[in-house]
Amino acid sequence: MTTSRPGEPGWRPGERGDLLDPRCPARRLLDRIGTKWTSMVVKVLAEEAPDELRFAELRRRIPGISQKMLSVTLRSLVRDGLVARRVEPTVPPAVHYRLTELGLSLERPLSALRVWAETHMPEIDRSNQLADESPPG
């Protein structure tokens, strides 16, 4: 961990910061990659790697995601360099997405988090049920 923070003298891009500081770049990145939609998009694209998927196919494989949310999620992943976007100059344009090497490196930690969630969901459900049954206070 460094003692300087982003924007302060002595701070260099790529240095680790203080995750508890709202200005920490890693915190902002975790906000983006920690969403359920990001996890699902990365999972679906990882299953196809190194091949590409078109927008409509991604949407079909992710039940419940709206066209707008998928578009916003993909735009963010492309901006961060986790997903590559390729447009074919057809009418209408055919847009293809694939994970970059950086994006593929994100699949393993996200997969571990999904496995943890699936493993511990019964415990979480029991805890929620007990909390719902106990009187407020």
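Arg86 counts as partly exposed in this predicted model, at 36% relative accessibility (buried means under 20% relative accessible area, exposed over 50%, and partly exposed in between, with a 1.4 Å probe and protein chains only). The side chain of Arg86 meets that of Glu52 in a salt bridge, at 2.6 Å from N to O; the pair links distant parts of the chain, with Arg86 in strand E2 (residues 83–88) and Glu52 in the loop between H2 and strand E1 (53–54), 34 residues apart. Here a salt bridge is a side-chain nitrogen of Lys or Arg within 4 Å of a carboxyl oxygen of Asp or Glu, while helices (H or I, at least four residues) and strands (E, at least two) are DSSP runs numbered from the N terminus. Glu52 is likewise partly exposed, at 30% relative accessibility. Arg86 also forms a salt bridge with Glu88, the closest N and O atoms being 3.6 Å apart, and Glu88 is partly exposed at 26%.

The structure holds nine salt bridges. Among them, Lys43 pairs with Glu47 at 2.6 Å, N to O; both lie in helix H2, four residues apart, or about one turn of the helix. Lys43 is partly exposed, with a relative accessible area of 35%. Elsewhere, Glu48, Glu57, Arg60 and Arg61 are linked in a network of salt bridges.

Residues are numbered from 1 along each chain as its sequence is written. As this is a predicted model, local features need pLDDT of at least 70 and side-chain atom pairs count only at pLDDT 80 or more, whereas totals for chains, interfaces and linings use all residues, and side-chain values use heavy atoms, with hydrogens and water left out.
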